[in-house]
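Dear colleague,

I am handing over the structure below, together with a short account of what was found in it. Please read the notes with the structure open beside them.

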Amino acid sequence: MTHPEAAAALEEAELQQHMDRHREDPAGDKCGRAEVAEWARIVQLLAPAGGTYAPDTDAVVQDELAADAEGERAMQPEDGKRGQEEEVKAACRAARAPGVLRHALLRTLARTGLLDSLSEDEQAAVNRLPDSDPAAVLVVNALLARAHEAGPGSRPGAAS
């Protein structure tokens with residue numbers, strides 16, 4: 001685009017803005033003002049050089065494109081982080097599913113040797129607990145595992 005072509009486009013944008021000034025929607029005028037300002041900038045850019053306008057050589061356009069590209073690059077890690085966070089949350093939800101918790105508690109009880117000695121009421125409670133209080137299952141399971149790993153001699157009040 002040459003300087004005269006840019007000047008003509010500026011005049012056209014100014015005329016359009018002038019014609020639209022009586023619009024009922026004043027928000028639409030922002031676009032007209034921005035367009036006029038951009039054409040004025042391009043006309044000023046071409047005035048001293050007298051050459052042709054190309055967005056590839058316009059520093060403002062190139063800066064805007066670089067900022068947009070940087071914004072895109074910045075968003076990609078956030079999207080990746082969000083995806084990873086969603087995966088972690090999904091894994092946590094799956095790990096807290098009543099069936100998974102019930103299986104973990106039964107496995108710990110079996111490892112400690114307590115599973116076979118549970119009464120019917122105790123077995124029923126073990127089966128209901130994951131559905132009613134998943135957080136309690138995690139705590140009880142961790143306590144049973146720690147107590148089993150510590151062994152009988154390390155419990156408070158145990159005879160030495």
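Two residues are said to be in contact when they have heavy atoms within 4.5 Å of each other. Please keep in mind that this is a predicted model.

With that cut-off, and leaving aside its neighbours within four places in sequence, Thr-108 is in contact with Asn-141, Leu-144 and Ala-145. Thr-108 belongs to helix α4, which covers residues 98-112, and it counts as buried because its relative accessible area is 5%, where the limit for buried is under 20%.

On the α4 side the contact is made by Pro-98, Leu-101, Arg-102, Leu-105, Leu-106 and Leu-109, and on the α5 side by Val-126, Asn-127, Pro-130 and Asp-131. By type, the residues of this contact divide into seven nonpolar, one polar and two charged.

Turning to the nonpolar cores, the largest has 11 residues, among them Ala-6, Leu-10, Ala-13, Val-36, Trp-39 and Tyr-53. The elements that give two or more residues to this core are α1 (3-19) and α2 (29-49), and α2 supplies the largest share, five residues. Ala-13, a member of this core, touches Glu-35, Val-36 and Trp-39 when residues up to four places away in sequence are not counted. Apart from this core lies another, of seven residues, which include Leu-101, Leu-109, Val-137 and Leu-144; of these, Leu-101 and Leu-109 also take part in the contact of α4 with α5, while Leu-144 is in contact with Thr-108.

With best regards

How values were computed:
Residues are numbered from 1 along each chain as its sequence is written. This is a predicted model: local features need pLDDT of at least 70, side-chain atom pairs count only at pLDDT 80 or more; totals for chains, interfaces and linings use all residues. Side-chain values use heavy atoms; hydrogens and water are left out. Helices (H or I, at least four residues) and strands (E, at least two) are DSSP runs, numbered from the N terminus. Buried means under 20% relative accessible area, exposed over 50%, partly exposed in between (1.4 Å probe, protein chains only). Ala, Val, Leu, Ile, Met, Phe, Trp, Tyr, Cys and Pro count as nonpolar, Asp, Glu, Lys and Arg as charged, and the others, Gly among them, as polar. A nonpolar core is a set of buried Ala, Val, Leu, Ile, Met, Phe, Trp, Tyr and Cys residues joined through side-chain atoms within 4.5 Å.
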